[in-house]
Amino acid sequence: MRSRGVRAPAPVETTAPVETTAPVETTAPVETVPAVPTESFQHDHNPTAATIDPSALETTAVDTTAVDITTAVDTTAVDITAVETTDTVETVEPEWPTEPVIGTPAVESEWSEAAWRADADRRSGVAPGALVAAADPTRTTDRRDLGASGYGNSGHGDSGYGDSGYREPGYGTTAFDTPDHDAPDIDAPDHDAPEYDAGGFDTIDDEDRALATLDDDIIDHPERTPAAERRRRRRRIGMIIAASVLVVIVVTVGLIGANMAGLFDSRKDFTNAAGTSDVLVHIPDNSSIKQIGTILTDDDVVGSTRAFIDAADGAALPGGYYKLRTEIPAKTAVQMISDPDSTHRVGRIVVPAGLQLDSKKLPDGTTTSGIFQMISNQTAVQINGDRIGVSVEQLQQAAADASVTELGIPEWAQSAVTGLAGDHRRIEGLIAPGTWESIDPHQSATAILKYLITESAHRYEQWGLLTNNQSSLTPYQTMVAASLVQGEVNQPADYAKVARVILNRLAKGQELQFDSTANYTAAVTDIDVHSDDLKADTPWNTYVHKGLPPTPIGAVDEQALEAMEHPADGDWLYFVTVDAKGTTLFTADFDQHRRNISKACANKFITCR
């Protein structure tokens with residue numbers, strides 16, 4: 001319930017001392033006048049700043065207990081009759097605060113202990129609930145010292161907490177029922193909340209000690225304010241998170257490093273060099289030792305990658321297909337892979353420049369294996385009694401009958417290859433010379449040929465066949481002419497001159513008449529071409545047919561192709577090799593050419609009739 005505001009009267013003038021001679025006994029309870037709120041209820045409240053008109057008071061006693069006036073409070077008595085009011089009492093409607101004010105009693109009953117404490121917390125800068133937490137009953141603080149903390153009698157004196165709010169025996173009438181403190185402007189009933197009797201403070205001293213302790217800490221240690229505490233807490237949390245992340249990073253890096261160093265690798269190794277069974281293993285080109293070890297471990301060749309790495313001891317091992325044994329010591333596996341004779345190697349062929357698809361017999365009775373035979377030899381292998389690989393016949397059939405797409409024929413050669421359908425020699429020259437490391441024995445003849453032709457086309461194109469060809473011939477014609485260049489002479493220095501002779505004769509419409517073209521289809525390849533072979537009517541015999549043969553006559557290497565792409569300048573129409581050193585003489589005159597042939601006969605390099 002709100003009280004009405006009363007303007008304070010003028011100061012009281014004392015006229016004479018009054019001596020009290022007899023005790024006065026109060027016989028009835030006294031009703032307390034509601035407190036009048038004023039601006040003095042702030043922390044800067046001064047209880048001496050106003051005086052009270054006695055006529056405004058309706059009570060003269062607080063308790064029914066008799067009070068002995070003989071125990072005079074002061075030797076100076078106040079003459080009530082002498083009180084002169086210089087101002088009239090004016091009723092004022094005060095501006096009530098919308099929030100509780102520290103030091104001011106709650107106005108309505110809903111201003112509970114919780115509301116008062118929340119307001120005190122907010123104004124003191126303390127986190128909610130800190131006042132209760134700070135109430136340490138073990139600390140003793142003299143009530144007289146609370147004034148230094150901002151909670152003296154002016155703000156939280158007995159007038160603000162009357163005996164109706166605190167009924168402990170320790171706070172009797174002598175402490176509260178004095179003229180100075182029993183002011184009518186204190187709304188004691190608002191503080192007579194049951195929460196105080198049932199709350200966390202047993203006595204006023206306990207609460208005051210808590211308030212004093214908290215304020216002392218805040219004043220003496222400003223870094224303990226809630227804002228500072230929150231900042232410190234955030235810093236601590238941030239430091240903990242950062243430290244945790246750092247620990248995780250260090251541990252992770254350590255584990256990765258240890259794993260890369262092989263500290264956790266198994267070192268299992270087998271001991272039986274004979275192994276248990278056959279196995280075909282593929283090692284990709286440019287594989288590291290660790291990668292090879294992993295492949296062999298997965299195929300059960302060695303016991304562990306670490307054992308193989310240790311056995312290899314940094315050696316460089318080539319990729320490809322290998323016929324190995326399972327469950328062999330890592331050292332044995334290294335020896336089988338690095339064998340210089342390639343005893344255990346499968347699917348590897350080396351194609352020399354000029355080699356044909358078909359095998360050729362020589363005058364001494366030996367046979368030079370052709371490309372098809374090489375493929376068959378290197379893919380045919382027994383694995384635990386089962387034969388895998390392809391035969392020469394399978395390769396010839398695939399070359400003759402498979403489509404240009406199935407064979408991987410490049411676009412610049414498809415027309416010529418299609419024109420010779422049914423003849424396996426239509427793919428002659430489309431397999432480039434060089435080392436082929438990884439022909440898969442499991443594949444069919446068609447798949448193997450497609451792999452070789454596709455990869456060869458890439459090589460030819462890298463050698464400038466499509467982008468740097470100055471021969472005036474088509475790419476495929478350039479390939480055919482280049483095969484004749486390397487078939488006629490064995491000195492690369494003469495390649496460009498032979499290329500010019502080919503172009504000069506083609507330009508004149510003259511027959512090429514190259515022995516290499518007659519030997520291509522001959523049963524026996526001989527430098528002294530027999531008259532029957534020279535007269536053989538085959539598409540490749542340039543003694544019989546003008547122009548270039550329908551296909552290359554062998555595998556074309558890079559030097560021959562580049563010579564044909566960039567022929568030498570000259571008017572030569574004839575040439576002949578006159579000795580075993582490879583000396584070749586060029587001329588544009590036929591008579592001179594005949595004399596040059598005589599030199600070759602004299603050197604017994606060729607047989608002359």
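At 1.5 Å a residue, the 14 residues of helix H17 (residues 495-508) should span 20 Å, and because the end C-alpha atoms are 20 Å apart, the two values agree; the expected span is 1.5 Å times one less than the number of residues. Helices (H or I, at least four residues) and strands (E, at least two) are DSSP runs, numbered from the N terminus. This is a predicted model, in which local features need pLDDT of at least 70 and side-chain atom pairs count only at pLDDT 80 or more, while totals for chains, interfaces and linings use all residues. Residues are numbered from 1 along each chain as its sequence is written, and side-chain values use heavy atoms, with hydrogens and water left out.

Among the buried residues of H17 are Tyr495, Val498 and Arg500, where buried means under 20% relative accessible area, exposed over 50%, and partly exposed in between (1.4 Å probe, protein chains only). The buried residues of H17 pack against the elements in this table, with contact meaning heavy atoms within 4.5 Å.

| Element | Residues |
|---|---|
| helix H16 | residues 475-488 |
| helix H20 | residues 558-565 |
| strand E10 | residues 574-577 |
| strand E11 | residues 584-587 |

After H17 comes glycine 509, with a positive phi near 75°.

Glycine 365 lies in the loop between strand E5 (360-361) and strand E6 (367-368), and counts as exposed because its relative accessibility is 57%.

In the protein there are 21 helices and 11 strands, and 41% of its 609 residues are buried.
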